[in-house]
Amino acid sequence: MKKKLLALMMVMSMTAGVLTACGGSEADAGDAAPAAAEEEATEAAAPEEEETTDLGGVSDDPNTLTVAAWDANFNIPALEAAAAAYKTKNPDFKLEINTVSGSSDVENAVTNAAQASDYSTLPDIVLFQDHWIQQYVSNYPGAWQDLSGADIDWSDFGSEKLSYSTIDGVHYGAPVDNGTAIFAYRTDILEECGYTIDDVTGITWDRWLEIGRDIKEKTGKYLLSMDHSGDDLPYMFMQAEGLSQWKDGDPDIAGNETYQKILQVIVDGANDGVILLCNSWSEYTDESIVGDQVAGVMNGNWIIPTIKQVAENSGKWELTTIPTLSGKEGYASNGGSSLYITANCKNLDLAQDFLAYTFGGGEGAIETYDNALKNGGVITCCISAGKSSVYQEPDEYFNGQPIYADIVAMGANVPVVEQNDFHYNLRTAVGTAITNATEAGGGSDLAAEIQAAQDDIVRQMNL
């Protein structure tokens, strides 16, 4: 417990810098609806909203549920869509949304309530980041109620997404947003250099680096960028290989040949002008992507609205899968969240039925996710809901590609890999190792840097 609480305290201090990369930022998420989709309002059934950092407890009304979530342009429209859909089943239903500034507000509220042994301050339902929930269920098991009574077909979800919210065989969360990673490319730049989207699909990282060097020489553009202050490339690259950075609860990076090869791709890419390692989130989004410095973008699909900010590049992008060391098509995920019922929920049957009917793949799932996509850019985790006509619509910005249907299909192939409470601690340590191993950072020995990163994490875990 001491280790977990220490990790929690360390992670809380880093949360503000991480959140924009987990499920979309308020500045970016609002433009993610398909270009061809008509704007449908749900005002007639719109739930009540209140912007607050106080999670507010529950309502005495037997037809009302309360929920705390963040991001007025992303998660909130998804909740509004679910409330509107559920009203067709229960016309008296109301969903009171407490819009908080970020996920740390929810995390702090749960921590404070658990430490005080008083859950009365919590709402019926909270949105929670996937990477955090197992730690919080482990540390505060009394804060949650499971979904065992909900009529949900769990086979309708990708196993990777469920791996976060399923703890000791018990389903605690209803998945909301799809964090499947995409690799998007400027097809006009590829064509200018003699390539097509097929030439960057199902290829090795070595071949990808060759193409990247050629593109850099001919156009001056990088083939990929990343916010190196919170670098998720190693995690996604490893997951695309079907592997984790952890093994049986310990870091598994030092002496790991595959891991060293993955990091070498990043170091070589940075040295050769193929990968731009940005110093901040704003440099990554505003300068490298919106500033048109790159011919490729890889991240969770919530990065799509950032790509779309450059109107003049409409029709010039397409997306595909991730390269791998062997050349097989790779799949990964980054970011995402789910909805959890708290211990303070007095109307468990209503909460379970609401989640099952909407986000859980019930009769209201298609309506929920169609409107969540059109109004907030939230992509379904529910495979059947991704087969709707809205998801099949061609996206003009992505050269007519039905990107949302493709993303749902890709998400079903993301491999399950071991997670750990020290995920972000490891990310920071490995980021330092990459920096030090690049020519700009001094060109130190990569294997030694990886060993130093692992030693650092082991030390932190044993404090």
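Which residues of α4 are buried? They are D130, H131, W132, I133, Q135, Y136, V137 and N139, where buried means under 20% relative accessible area, with exposed over 50% and partly exposed in between (1.4 Å probe, protein chains only). Keep in mind that this is a predicted model: local features need pLDDT of at least 70, side-chain atom pairs count only at pLDDT 80 or more, and totals for chains, interfaces and linings use all residues. Residues are numbered from 1 along each chain as its sequence is written, and side-chain values use heavy atoms, with hydrogens and water left out.

**Whole chain**
- The protein chain has 17 helices and 16 strands; helices (H or I, at least four residues) and strands (E, at least two) are DSSP runs, numbered from the N terminus.
- Of the 463 residues in the protein chain, 60% are buried.
- Take the contacts (heavy atoms within 4.5 Å) with a separation of 6 or more: 78% of them come from residues 24 or more positions apart.
- The accessible surface of the protein chain is about 16800 Å², and carbon and sulfur atoms hold 45% of that; the areas come from the Shrake-Rupley method with a 1.4 Å probe.

**Helix α4**
- Eight of the ten residues of α4 (residues 130–139) are buried, so this helix is largely enclosed by the rest of the structure.

**The largest nonpolar core**
- A nonpolar core here is a set of buried Ala, Val, Leu, Ile, Met, Phe, Trp, Tyr and Cys residues joined through side-chain atoms within 4.5 Å.
- The largest one has 146 residues, and F128, W144 and W208 touch the most other members.
- Skipping neighbours within four places in sequence, W208 is in contact with F183, Y185, I203, L223, L224, V274, I275 and P323.

**A three-stranded sheet**
- The order in this open sheet is β14-β9-β15, with antiparallel pairing; two strands pair if DSSP finds at least two bridges between them.
- β14 (296–300) and β15 (317–320) are the edge strands with a single partner each, so one side of each has no neighbour in the sheet.
- On average, neighbouring strands of this sheet are turned by 25 degrees against each other, direction ignored.
- Five bridges join β9 (residues 181–186) to β14, and I182 sits opposite N299 in β14.
- Helix α15 (residues 403–411) packs on the sheet, touching β9 and β15, and its direction makes about 15 degrees with that of β15; axes are lines fitted to C-alpha atoms, for helices over the stretch in contact, with angles from 0 to 180 degrees between N-to-C directions.
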